[in-house]
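Load the model in your viewer and switch to a cartoon view. The stops below say what to select and what is there.

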Amino acid sequence: MLLCALNALAWVYPEHRDITLLALQRLDPAQRALLEKLWSQARAGHEARLCAQMAYTAQGAQPTCIDYAAWPAISGDHSCSARDMLGIVLGSRWILRVARVGARLKNRLAVATRRDQRTNAVRDSDLALVRADRDYLARATANNAHFPIARSSVSIDLPGYVQIALRPESELNALVIYMWYHLRALARAKSIASASLPHERYAQAARATLADEAFALHFLQDSFAAGHFAGTWGNAAVRKGTHDYYNEHGLDAVSWDNRRFVALGDANMQPGDADREASAVRESLAQLASALHGKTGATVAAAFKMPEPEGFNVCRESHFSGAVGELPEISGGRTDHRSDTDTRIGPRQRSAAALPGGDWSVHRPIVRR
Ligand SMILES: [Zn+2]
């Protein structure tokens, strides 16, 4: 039962972290510099816990600090909201144990040549995580939100799919959580760009911005795992079987711009998977950097009334209900001339333009039969 529940978490900790490392490395140097600056400001007062490097590629088997690349790995699987995640990263002792379990799993997966070696590495890691993080199992048993919603027909296009994912009656899903948190990160970044804040408050705002984006990235990354877009319906045994089979053996997938590829999942990530995911994550981070530079048209949703990261709880909630009407609006990198107060537009008026850039095109989640 324990391992049954834990086996449906999508990418494992070191895979989430590696995707983010790759995406940070691929950023345009000017954009990367903007994010590095934000990271160094965010570290103020937490220099021991937060690594000096945003992407600490030389981190060994015994991490003593948490870098930004680890934040999406901690999001969702070890925390229930961006606010929860940041609190855990800064204030808990156990999160370093989780980071060490992740580092050990990375090393074991790197040398595994047989299926049983991979399976044993993941099982050992899961058992160690249950000991390190006392809420790990509870989060893992209610994790439908980490899956994208199924398409309703083969003819649906990306804007139509986004509308379905955003409908108040749709079950909480990976795409809508990504948008919810990413758009908040953009709005906050734009506020930072135009605000003049005292040092301490700036550091707090920098942490909140980075936390919202990291939480979003976890769900963007999850939506690429084969076992996650192969479907979430059926009883627990069917779901687990579907999830495990396609993660291991792969799924013939098509992106929204009609590129075909074979997708894999949890603990089976291949360079091609990391490459596709890192492109989407890089695009998302590039939008964040542009917003910091005042180039993205995110309307400012009074972000500084809430210097804390977003607190929407993805473990507890099953729907966004009326809350989707409060998503900040962006306009694909162009300046948005809407009034700053005009943020309460209905989901029908939003489209795929709210997703990161034109290059953002993942698989199409399978049609529900
Ligand atoms: Zn997940």
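Start by selecting helices α5 and α11: α5 passes α11 in a right-handed crossing. The model is predicted, so treat each stop as a computed feature. In residue numbers, select 82-91 for α5 and 199-222 for α11. The two helices pack at an angle of about 115°, and their axes are 9 Å apart. Angles from 65 to 115 degrees count as roughly perpendicular, and α5 and α11 are therefore roughly perpendicular to each other.

Next, show side chains where the two helices meet. On the α5 side, the contact is made by Ala 82, Met 85 and Leu 86. On the α11 side, select Arg 207, Ala 211, Asp 212, Ala 214 and Phe 215. Colour this contact by class: 6 residues are nonpolar, 2 are charged and none is polar.

Now move to helix α10, residues 174-194. How far apart are its end C-alpha atoms? They are 31 Å apart, and because 21 residues at 1.5 Å a residue should span 30 Å, the two values agree. Of its 21 residues, 19 are buried, so α10 is largely enclosed by the rest of the structure.

Finally, clear the selection and look at the whole protein. There are 14 helices and 2 strands. Of the 369 residues, 50% are buried. Among contacts with a separation of 6 or more, 77% are between residues 24 or more positions apart.

Technical notes
Residues are numbered from 1 along each chain as its sequence is written. This is a predicted model: local features need pLDDT of at least 70, side-chain atom pairs count only at pLDDT 80 or more; totals for chains, interfaces and linings use all residues. Axes are lines fitted to C-alpha atoms, for helices over the stretch in contact, and angles run from 0 to 180 degrees between N-to-C directions. Helices (H or I, at least four residues) and strands (E, at least two) are DSSP runs, numbered from the N terminus. Angles under 35 degrees count as roughly parallel, over 145 as roughly antiparallel, 65 to 115 as roughly perpendicular and the rest as oblique. A crossing is left-handed if the near helix is turned anticlockwise from the far one by less than a right angle, and right-handed if clockwise. Two residues are in contact if their C-beta atoms, placed from the backbone, lie within 7 Å. Ala, Val, Leu, Ile, Met, Phe, Trp, Tyr, Cys and Pro count as nonpolar, Asp, Glu, Lys and Arg as charged, and the others, Gly among them, as polar. The expected span of a helix is 1.5 Å times one less than its number of residues. A residue is buried if 20 or more other C-beta atoms lie within 10 Å of its own, exposed if 12 or fewer, and partly exposed in between; C-beta atoms are placed from the backbone.
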